[in-house]
Amino acid sequence: MLQAPPETTTVPAPGALAKRRILGILIWATAFGIFVGFVGVPSSDPMAVFGWLWLATIAWRNHLPWKQHLLFLRDWLPIVLLLMVYNVSRGYADGLREPYVTPLIEADKAMFGWLTGGQVPTTWLQQHLYDGTTPWWMAVVTVVYVSHFFVVPTIAVVLWLRTRPLWARFVRRWFTLCLAGLITYFVYPAAPPWWASDKGKLAEKVTLISDRGWDVIGLQGAGNTLNELRVDQSNPVAAMPSLHTAWALMAVVFFLPMVRKRWWPLLLTYPIAMTFTLVYTGEHYIIDVLVGWLYVGAVFLLVRLAERWWAARQRTLRSSVR
């Protein structure tokens, strides 16, 4: 009985493929720019973030049939759903008990009070670097803050396109880190500096300014969208650990063994910039950041041990079958 030949995909010549990719990405970038201008930055919604990333993969691989593009949904829909469950679940932590405030304040004062005159670093930075106006460099601060919602998902999607085994390793560490953070939010709910200031727990005033840079960029709509998401989805007890800085450090540490050491300082500027942004804007204490870094180290160690155990078990099973 004759069988139908396997379905093949005709790959354009290198020059034609490059032109198609450039055109596809330009169309995608234009559509994304219009969306941001009228609707805002789709930051806190995993479905929106991965929806745009999926469209980017279609634009980049526009020579492939639709069956290939639908594989994105097969591989990523469970992950997006898990992220949505994570976003919803952590919001329940704020109703279980009164959040911890004083231990975090005391920890930052103990570590840096000698330098800040007895204040937490957040209030000291805002007193010296924020006077109620919005200087140009606030745009950089806001972009660094919002990058949390895009950098790690973008890295994961690029790895998915290029090498699935590396993508799987990256995703395992990413979700183990999220799970560890989520458990901590329930076990040790902790409030950030802006919340402590609003409740009168800090003597000095803290203003939440992580979104002020949108005015400098000229994307007030993006800022408004971020504010609405903050009101709808914010969790005032998700300060410990700081997953903002943990994601940033994870994204860098994952690739350090793959690049030359001379590039390490450049890569590490990202988690350092995220740390400054989070402390300065009133989102986190430094103790939150340090605990987030410890979580990254622990997750990498535990996941690596689990991977080695699984690989050894698979080798044993294959040997027994033979």
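Helices (H or I, at least four residues) and strands (E, at least two) are DSSP runs, numbered from the N terminus. This is a predicted model, in which local features need pLDDT of at least 70 and side-chain atom pairs count only at pLDDT 80 or more, while totals for chains, interfaces and linings use all residues. Residues are numbered from 1 along each chain as its sequence is written, and side-chain values use heavy atoms, with hydrogens and water left out.

View 1. Q126 has a relative accessible area of 4% and is buried (under 20% relative accessible area; exposed is over 50%, partly exposed in between; 1.4 Å probe, protein chains only). Leaving aside residues up to four places away in sequence, Q126 touches K205, V206, T207, I209, Y280, T281 and G282 (contact means heavy atoms within 4.5 Å).

**View 2. Packing of helix 2 (residues 46-60) with helix 7 (residues 151-162).** The axes of the two helices are 11 Å apart and meet at an angle of about 35° (axes are lines fitted to C-alpha atoms, for helices over the stretch in contact; angles run from 0 to 180 degrees between N-to-C directions). The crossing of helix 2 and helix 7 is right-handed (the near helix is turned clockwise from the far one by less than a right angle; anticlockwise is left-handed). Helix 2 contributes V49, F50, L53 and T57 to the contact, and helix 7 contributes P153, T154, V157 and L161. Six of these contact residues are nonpolar, two are polar and none is charged (Ala, Val, Leu, Ile, Met, Phe, Trp, Tyr, Cys and Pro count as nonpolar, Asp, Glu, Lys and Arg as charged, and the others, Gly among them, as polar).

**View 3. The aromatic pair of F72 and W160.** The structure holds 20 aromatic pairs (rings of Phe, Tyr and Trp, the last by its six-membered ring, with centres within 6.5 Å; planes under 30 degrees apart are stacked, over 60 edge-to-face, the rest tilted). One of them, F72 with W160, is edge-to-face, at 5.2 Å centre to centre and 85° between the planes. F72 lies in helix 3 (residues 66-90) and W160 in helix 7, 88 residues apart, and the pair links these distant parts of the chain. F72 is buried at 2% relative accessible area, and W160 is buried at 1%.

**View 4. R173 over the face of F300.** R173 is 5.6 Å from the ring centre of F300 (a charge sits over a ring if NZ of Lys or CZ of Arg is within 6 Å of the ring centre and within 35 degrees of the ring normal).
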